Every structure is written in C-alpha cells, then in structure tokens.
Amino acid sequence: METLTSLFDAKGCPLDKQKFTWREMASKPISKLDDDAFTRVRIILMNGIETDALRLKNIGARFHGELRQALAQVRRCEQHQATMVNWLLSADHSPLETTVAYEQVAIEVTAAVAQTEPDPYQAQTYRFGLLEDFDHLYRYSAMLDRLEGKDANNILQGYTDIIPSRPTTVHHRAPEDDLRDSYQRDSAALITKIHAAMITAAEYQTHDYYMTIGPTFADPLARQLYAEIASVEEQHVTQYGSLQDPGESFLEKWLIHEAMEVYAYNSCLEQEENPRIKAIWERFLDYELGHLNLVGELMKKHERRDPSEIIHGSVPKLIEFKSQREFVRKTLAEEIDLRAKGHEYVDKKNEGHASRDYRNQLNSEGIAAEAVSAGYQWAPGTELSLKKAS
Amino acid sequence: MQNATKMGLNCTGAQMSPMDSKEQLKASQEVRPDIPGNERKLALVRTEEAAKADAIGSVPIPGSARGMVKTALNKLVGVSPEVLIDKLGERLAFERGGVRLYEALMAKAQAIDAVDEQMLKTMKHFRDEEAEHLQLVVAAMEKLGADPTAMTPCADVVGVTNMGVLQTISDPRTNLAQSLNALLTAELTDNAGWELLIELADAAGQSSISESFEKALAQEQVHADTVRGWLSEEVMRQV
Ligand SMILES: [Fe+2]
Ligand SMILES: [Fe+2]
Ligand SMILES: [Fe+2]
Ligand SMILES: [Fe+2]
Ligand SMILES: [Fe+2]
C-alpha cells in the first residue's frame, strides 16, 4: 500500500483569505446523467464531513469559552464549504435517488476504509456496518423501482451490486449492542483516528438526511421505510462514534477532524475527473490545511502540546474511490451471519436477548423493509423488464 | 442556454459499463430475494393505510354559514357548497401558479440566442390572462361568500401535483422544449379544470358565474393549442 508522509506539512490558505460569494456557493450542479457516480459519491461524502465539522465545533463551543471565537471563525468557513459542496447535487435527483447515492457512499467508502484500516477490530466494525448499508441499498432500490418506476442503477452506474445482505429486519439492536471498543489515543495510528472521524461523519449525515426527507414522502411505505432505516443509521452513528477514544481532549478531536478533512479532500482531488469539481477539491484542500495549522497553534497555546504528537507518521495514499465489488461480496459471504453482542461480534445463534427483545417489539406490527422488497430481484431497466411482453 | 439535444457521455445505462453490468446481473440472479412474495405486499399496506387515513383537510366554512352575511351560497341548488368552493379554490390556486410558470418560462426564453420575440410577446399575453382568470375566480368566490384567501383541500393538492411542472420549468438547465412539455401538462389539465368548473357552476344554478368562466375556458383552449404548437415546432426544428 502506498503511503503519504508530507500531506499535513503545508501551511495552506490562511483563514482570512478563505472567501466566498453567494453565487459561487450556489453554482452549477453536476449532471445526474453524465457525471461519473464517484463524483457524486465524493460530493456526498464531503458534505457529510463538512456538516460534521460544523457539528463538532458547535458542540465544542458549548464547553469551551476560550475557544469560542476561533470556533466561530473556522465554522463560518465550514458552513460555506458545506454549502458549495452540497449544492453541487442537481435538482433532478429525487430524494429516493439521492438516498440510493447515499447508500452507495456508505458501501463504497466504508469498504475502502475497511481495507486500509490497520486495527483489526476497527476494520471488523467497518465490515459489519458495511453489510447493513449494503442491505439498505437493496431495500431502497426496490422502493425506488416500485414507487417511482426507476432503476437504481441509473444512479449506481454498475459499480455496486443490488442484492439482499444481512436483512434490515435484524439490524435493529439494543443500544448496548451498538457500542464498540474505542481506539487508544496513545497507540492508535493516525489513519485509525481519521477513519473513525470520517465514517462517523458520513453516517451522521445519512441519518440526518433520512430524518429530513422521510416525512416529505406521501407514500406510507416510504415513510415507514425511512423511519426504519433512519433508526439503523442512528445505530451506525452510535457504533462508529464509539470507536473514538473518549480520553482525547476537545482540541485533539478538533485537530483530528481537520486532518481528516485534509486527507479526504486530497483523495477527492487525486481521483476527480470533472475539472470544475476538481478545482473545488483543490481549493478546499488548501483551506483545510489552513484550518489544521490554526488548530495546531491553538493546541500549543491552550494545551502546551505539540500537534505533531498527533499528526505524525504516514497515512495510506488515498481513500480509493472505486467499485469494491469483490471485497463486498467476500465480506457478504463470510460475515452475513455476524451479530453484535455487547462490544463483540458473534454468530447469529449467540445473539443476546436484549437485541432480540428490542427487535421483536419494534417489528411486531410489520416491517417496511420487508414489505417493500418482497420478491424483489433487480434487473437492468427495473424489475418490470423481467416481465417482457410475450 | 444549451437548447439542442446532443449525444454525449451519459453514464446511466447498463450498456455504458458492460463488464460491471454483467457482474451486477450475475449477483442479482445468484443471490435470490430473501423475502418471499412480490409487490402485492406493498400494495396491501398501502390499501390498509388508505382505509384508515385522515383527509388532507377541510373546506372553510363560508361567512354566510356562520350567519354573518346572506349570500348566494344559500341559494345553491343541486350541489353541495363545499364541493363548489373546493373546486373554485383549486382553480384559483392553479391560475396563480400558472402566472408564475409563465414568468419562469419567459425568463428562461430570454436566454435563447435567437429569441423569438413573437413567442415572448404571446407568453406575456398568456401570463396576463392567467392573472385575469384568478381574479374571475376571486370574484365568484366573493359572490358566494367564500374566502378566496383560504387554501382549500383541492387547492393544496393541485399544488402538490404541479410541483413537478414547476421543478422542470424553474431548473435553468432544462431547455425550451423540455419546459414547454411541462407547461403543456399544466395547460391541458387547466382546460379540463375549467370545463368541469363550468359544469359544476351550472349544476349549482350559478349561471352568471359559469358564463363568466366561459371566456376563461376559450382563452385556455388557445393557450393549450399554442403551447402544443410551440413544443412541436421546437422539437421538429432540432430534427
Ligand atoms: Fe471543512
Ligand atoms: Fe444505510
Ligand atoms: Fe449506515
Ligand atoms: Fe475544516
Ligand atoms: Fe393557461
């Protein structure tokens, strides 16, 4: 695996030079039809990361009066970055189509991360969550086909399979079974910290998106399906969020978040084919380096610590934005029957009572994920193409 | 504005990625659906939900029914006032939206390099007629003692129906033909809406109202025919 060592060394663009206009923030969107699906994957991922940058900094400000001004200043830039990125999604995406794209992000990015994550327990956690988002994709694809008459593959562009995985029905677990062991701040690799911050951010955005658009659907099944899967995404936020060491100081978490933004924008920049979008990744990489340096200075000032204690060593060269079909299939074949019990992964026969009871209650009046996908077999051009006129 | 239809690198189809598509298809043939049944399961829940659903809302009680003024509503025959008021509210909302659709379309048409001035003038004319039509409906509702500022259930629902038309026309990326196609959807429905409303007003013994609506219907027929003509010209021009 190729690695990078000097990514975080540059000073980047200073915060007072990070400027925007309304017109550029709401500029031309991508083409749903002509742009590569991975351009959209990157847009969704980066919006998730930027909105999490806001979230972390707003919560930090509740606890740290001495940092409030700096937090407000950096946050304003994150706000405008988030806008410029998210507004790249064009209006011809129906909310369900965007949902399919969100699950593609969850699958392809988590699969990439699972393969470069050096900590085996953390990697196992990514594979565990990955199979659940893989199943969500199948249920939502059935919903898209059966509600709007559309083919999910028009969004996925062949990169991601549309098949049942660990059924959504069994994703519903007691909260105590969604907690995981965290990495140790002193011994964990930088990339482990970056991965945890990044995947938590992505899942948080997915959760918030489903919570926002769920009630905008008229169809009762769609409303039920979003209610059900939004709950699983909250479980995913719980799971991935607990991978982080609670012993890190707020400034340490902030520093890692900025390093994660640097790392993610660099991966986008290296792999983007749309030149207009590539220019945005390049600009924002420079902005994030500015944030990283600023937070490093705050750490020296307020904690008398050298940020290079945390930001050091090498990181994998890239988050690989490409189809992870083989890895996903292998994971599916080997780990579909895994369940979580406390912080451990166990075979389904050893699942605990807490999650079984929890799920039986929630599922007792019907399960939307099952109702929408009964007998669903994806085919190019929707399932209706399987019933050719004879 | 990109007004011509072009061949390009559309990535959405299975044929654009034959290797991936083969793999994808193989996967969905090998990993069978895990839940037995078919789309009827979904239909069943829909039916259950429809059976127990609440209504969108209600038609507001007219002033006269609250005993405030004696109005024509009391003299309605053969039709319940709420149905007439609801459909009047619908037409009012539709015409108001129609004005905005024309305004959005005119702004877009200005971006065309060789803009057809005559077409623009006609669009402006139609826009003004839509505005007059909404005043016709306001007058009718006032005559009946109904509140033209309330959103009736049918008014609300046509707002939902027309959201796609509005999304299409207000998107700066859609070209003239695509926008006209959306507008035609509105104008065809609009024609049927006026016909039905006239029928309803007649049935209610409101001949002065139905007569005032005849003029609107005649103009709407011209709108629909004209938009249909523009659309076919615009598409045929590109052939
Ligand atoms: Fe940012
Ligand atoms: Fe998901
Ligand atoms: Fe998820
Ligand atoms: Fe940042
Ligand atoms: Fe009209």
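**Chain B against chain A**

I started with salt bridges across the interface of chain B and chain A, and the rule finds five (side-chain nitrogen of Lys or Arg within 4 Å of a carboxyl oxygen of Asp or Glu). One I looked up is B:Arg173 with A:Asp92, where the closest N and O atoms are 2.9 Å apart.

This is a predicted model, where local features need pLDDT of at least 70 and side-chain atom pairs pLDDT 80 or more, while totals for chains, interfaces and linings use all residues. Residues are numbered from 1 along each chain, chains are lettered from A and ligands numbered from 1 in the order written, and side-chain values use heavy atoms, without hydrogens and water.

For contacts (heavy atoms within 4.5 Å), I noted 31 residues of chain B against 48 of chain A. The buried area (accessible area lost on being put together, 1.4 Å probe, summed over both) is about 3100 Å², and carbon and sulfur atoms give 54% of that. On the chain B side, B:Thr12, B:Gln24 and B:Arg173 lose the most area to chain A, together 20% of what that side buries.

**Iron site**

Next I checked the iron ion (ligand 2): its donors (N, O and S atoms within 2.8 Å of the metal; 3.2 Å for Na, K and Ca) come from A:Glu103, A:Asp133, A:His136 and A:Glu233, at 1.9 to 2.4 Å. The iron ion (ligand 3) sits 3.5 Å from ligand 2, and A:Asp133 coordinates both.

Key: Buried area = accessible area lost by both parts, 1.4 Å probe.
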